[in-house]
Amino acid sequence: MAVIPVVLSGGSGTRLWPLSTPARPKQLHALGGDRPMLLETLDRLDGLETGTPIVVCAAVHADGVREVLAGTPAEVIVEPEGRNTAPAIALAALHAEPDDVLVVLPADHLIEDLGALRASIAEAVDHAQAGYLVTFGIVAGHPATGYGWIEPGEGIGGTASRVESFREKPDPGAAQDYLERGWLWNSGMFAFTAARYLDELAAARPDMDVATRAAVADGLASYGEVPKESVDYAVMEPTSSAVVVPLDAGWTDIGSWRSLWR
């Protein structure tokens with residue numbers, strides 16, 4: 001068993017125009033420090049025992065991703081075309097060993113408190129080894145309408161709780177209600193074993209599972225036939241084994257120049 005960082009390096013490169021472009025999106029730029037965001041994502045895991053990272057990117061970004069990762073041990077899986085996060089994670093899961101714990105991280109987030117992040121990842125790995133599908137819920141600082149929210153339920157040990165529900169981006173009134181109830185922002189970060197993820201994908205979306213496996217078998221020639229879907233819709237919402245680990249680490253996604261300024 002190894003803990004495998006899986007970094008999702010996708011995106012359209014339009015939100016931070018003109019710096020970010022479709023050919024060179026924001027994660028290939030240094031926005032939160034001296035190194036490109038993709039490298040900073042990997043740097044955050046220093047101090048944790050992890051195996052060789054897997055970076056999943058679109059073909060249009062492959063040259064830039066490889067340039068940024070030069071000198072690192074990361075392996076790059078290139079999607080011929082983007083099919084959203086559920087198939088991208090499935091590619092990584094099929095590349096890993098079944099009992100490996102995949103720690104799935106978007107490449108374009110900023111996190112200030114690395115100690116808190118690593119502690120949450122260590123806890124999430126334990127829960128993933130126990131068979132849960134873990135999502136990281138950001139401790140909310142304001143009634144955000146631009147994020148999805150997670151309703152935590154019964155505790156399972158440590159700081160983790162079962163996920164009662166996922167909620168889409170709310171209106172201001174609902175966001176204030178969620179904040180007062182202690183709900184969490186959906187970060188798009190996850191941890192689960194490769195086998196558990198693939199089992200849940202096969203149960204909830206057998207069409208996607210079959211198509212992704214067929215594409216891997218033919219060298220991704222048929223990858224364009226894989227259905228597009230996010231991991232939230234395809235796996236995390238249907239499963240009865242979702243748990244959330246709260247993360248209070250100065251997190252933000254860089255979705256606009258305003259969020260970067262903040």
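## Salt bridges in close-up

**View 1. Asp 207 and its partners.** Asp 207 has a relative accessible area of 40%, so this residue is partly exposed. The model shown here is predicted. The side chain of Asp 207 joins that of Arg 205 in a salt bridge, with 3.0 Å from N to O. Where does the linking lead beyond this pair? A network of salt bridges takes in Arg 205, Asp 207 and Glu 229.

**View 2. Arg 83 with Glu 81.** These two side chains form a salt bridge, 2.9 Å from N to O. Is Arg 83 buried or exposed? Arg 83 is buried, because its relative accessible area is 9% and the cut-off for buried is under 20%. Glu 81 is partly exposed, at 38%.

**View 3. Arg 35 with Asp 43.** Look for the closest N and O atoms of this pair: they lie 2.7 Å apart, in a salt bridge. How exposed are the two residues? Arg 35 has a relative accessible area of 38% and is partly exposed. Asp 43 is also partly exposed, with 26%. Both values fall between the cut-offs of 20% and 50%, so neither residue counts as buried or exposed.

**View 4. The whole set.** Why can such pairs form? Side chains of opposite charge can pair when their charged atoms come close. How many salt bridges are counted in the model? The count is 8. Among them are Arg 35 with Asp 43, Arg 83 with Glu 81, and Asp 207 with Arg 205.

Terms used: Residues numbered from 1 in each chain as written. Predicted model: local features only at pLDDT ≥ 70, side-chain atom pairs only at ≥ 80, totals over all residues. Heavy atoms only, no water. Salt bridge = Lys/Arg side-chain N within 4 Å of Asp/Glu carboxyl O. Buried < 20%, exposed > 50% of the residue type's maximum accessible area, 1.4 Å probe, protein only.
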